[in-house]
Amino acid sequence: MANRWEDARQAWRSVLTFVDSPLENDGLFGVADASIALGDLVAAKAGFETALISEKRSDRASRARLALAKIAQQEGRTDDAIRAFQELADRSDDEVAGDQAEQALIALRENSANPTSGVYGNLIAIDRLLVARSLEEAAAAITRLEAEDLSPGEKIALNFRKAVLAFRIDDFKTAIKLFAGLARQYSGRKKVDYEFWLARAYSEAGQTKKAIEIHQEIAAREKGDIAKESAFKAAWLAYNGNQFKEAVKLFEEFLVAYPDEREMDADAAWYIAWNLY
C-alpha cells in the first residue's frame, strides 16, 4: 500500500512540472494527501501551505486548513492545533470542515487533563468554568484574557464566551447584543448556531415574539433539518409563551410543510388539539 501511495505522490508531482498548469493546486493537494498517507508530515504541510496561497475555492481552502491543524496536533504543537481548529470552527463557511474542527476541539478538551497555555488554552479553561457554572471564576478569566493583545479570531472566540456568561447570569441585554453581533459576522451553520443562542436569549428575556421571528427567518432561509427544527421551535415558543392562536397557526403550517415527519407531526397535532381545547 505504501508503494501505491508513493506512486500516487510521484504522479501528482509530475503534474507540478508543467508551468502555469490549471491543475497546479490539484497537484499540490494530491502530493499533500499522499504524503499524509505515507506519514511524511513535512511534505504534507508544505503542500497544503503552498496550495493555500492561490486556492480560490473556500471549501478547499478550509480543507487545507483543517489538514494543517491535524498535522500540528500530530506534531505535538497543541496550542497551534487548538488555534487552527478554533479559527475553522468559528469562521469557516464550509460546514463539513467547521463541524470536524468543532469535534476535534471537543476531543482535545476531553483528553486534556490540564488546558494548554496560550489564548486558546485559556478559552478551554473558560469553557470548563462555564459548564461547571463557576461563573465568578469564568468572569475573572474572561477579564484577564480581554487585557491581552488578541487577534480578530481570538476576540470573536472570547466574545462568544462573554455572551454565554451573560446568558448564564441572566444579563440578557448583553447576551442579545453579543449573540446578534456574532450572527451578523457569519453565514452557514455557524450563523445558525449563534441565532439559536440569540433566540434563547430573547425567549429568556421575555421577548417571545423576537425569538419566534428569528426561528421563522431561519426556517425560511435554510433547508433540511435546520429549517424543520426552526419551524417547530417557532411554534413551540408561541405555545410556551401563551400565544395560543399563533401557536395553532404555526403548528398547522408545520404539518403542511413536513407531512412525513411522524414524531414531530404527532407532537404538533397534540399541541394543536390542546390549544384548541
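Modeller: Here it is: the protein chain has 15 helices and zero strands. Helices (H or I, at least four residues) and strands (E, at least two) are DSSP runs, numbered from the N terminus. This is a predicted model, in which local features need pLDDT of at least 70, side-chain atom pairs count only at pLDDT 80 or more, and totals for chains, interfaces and linings use all residues. Residues are numbered from 1 along each chain as its sequence is written, and side-chain values use heavy atoms, with hydrogens and water left out.

Colleague: How many salt bridges turn up in a search of the whole structure?

Modeller: Ten salt bridges. The term covers a side-chain nitrogen of Lys or Arg within 4 Å of a carboxyl oxygen of Asp or Glu.

Colleague: What makes Arg9 and Glu6 a salt bridge?

Modeller: Their closest N and O atoms are 2.9 Å apart, and the cut-off is within 4 Å, so the pair qualifies. Arg9 and Glu6 sit three residues apart in helix 1 (residues 2–15), which means about one helical turn separates them.

Colleague: Which of the two labels, buried or partly exposed, goes to Arg9, and which to Glu6?

Modeller: Buried means under 20% relative accessible area, exposed over 50%, and partly exposed in between (1.4 Å probe, protein chains only). Arg9 has 8% relative accessibility, so Arg9 counts as buried. Glu6 has 26%, so Glu6 is partly exposed.

Colleague: How do you know that Asp127 and Arg161 form a salt bridge?

Modeller: The distance for that pair is 2.8 Å, N to O. This pair links distant parts of the chain, with Asp127 in helix 7 (residues 119–131) and Arg161 in helix 9 (residues 152–168), 34 residues apart. Asp127 and Arg161 are both buried.

Colleague: And where do Glu229 and Lys233 lie?

Modeller: Both are in helix 13 (residues 224–240), four residues apart, about one turn of the helix. Glu229 has a relative accessible area of 29%, so Glu229 is partly exposed. Lys233, at 29% relative accessibility, also gets the label partly exposed. As for shared partners, salt bridges join Glu6, Arg9 and Asp40 into one network.

Colleague: Why is His215 called buried?

Modeller: His215 has a relative accessible area of 4%, so it is buried. His215 is in helix 12 (residues 208–221). Contact means heavy atoms within 4.5 Å. Neighbours within four places in sequence aside, His215 is in contact with Phe196, Ala199, Ser230, Lys233, Ala234 and Leu237.

Colleague: Why are helix 7 and helix 8 called roughly antiparallel?

Modeller: Helix 7 and helix 8 (residues 135–146) pack at an angle of about 160 degrees, with their axes 8 Å apart. Axes are lines fitted to C-alpha atoms, for helices over the stretch in contact, and angles run from 0 to 180 degrees between N-to-C directions. Angles under 35 degrees count as roughly parallel, over 145 as roughly antiparallel, 65 to 115 as roughly perpendicular and the rest as oblique. Helix 7 and helix 8 are therefore roughly antiparallel to each other.

Colleague: Which residues of helix 7 and helix 8 make the contact?

Modeller: From helix 7, Val119, Asn122, Leu123, Ile126, Leu129 and Leu130; from helix 8, Leu135, Glu137, Ala138, Ala141, Ile142 and Leu145. These residues divide into ten nonpolar, one polar and one charged. Ala, Val, Leu, Ile, Met, Phe, Trp, Tyr, Cys and Pro count as nonpolar, Asp, Glu, Lys and Arg as charged, and the others, Gly among them, as polar.

Colleague: What makes Asp170 count as exposed?

Modeller: Asp170 has 54% relative accessibility, so it counts as exposed. Asp170 is in the loop between helix 9 and helix 10 (172–184), and has a positive phi of about 65 degrees although it is not a glycine.

Colleague: And what is the phi of Asn242?

Modeller: Near 65 degrees, a positive value in a residue other than glycine. Asn242 is in the loop between helix 13 and helix 14 (244–257), and at 57% relative accessibility Asn242 counts as exposed.

Colleague: Last one: how much of the whole chain is buried?

Modeller: Buried residues make up 43% of the 277 residues in the protein chain.
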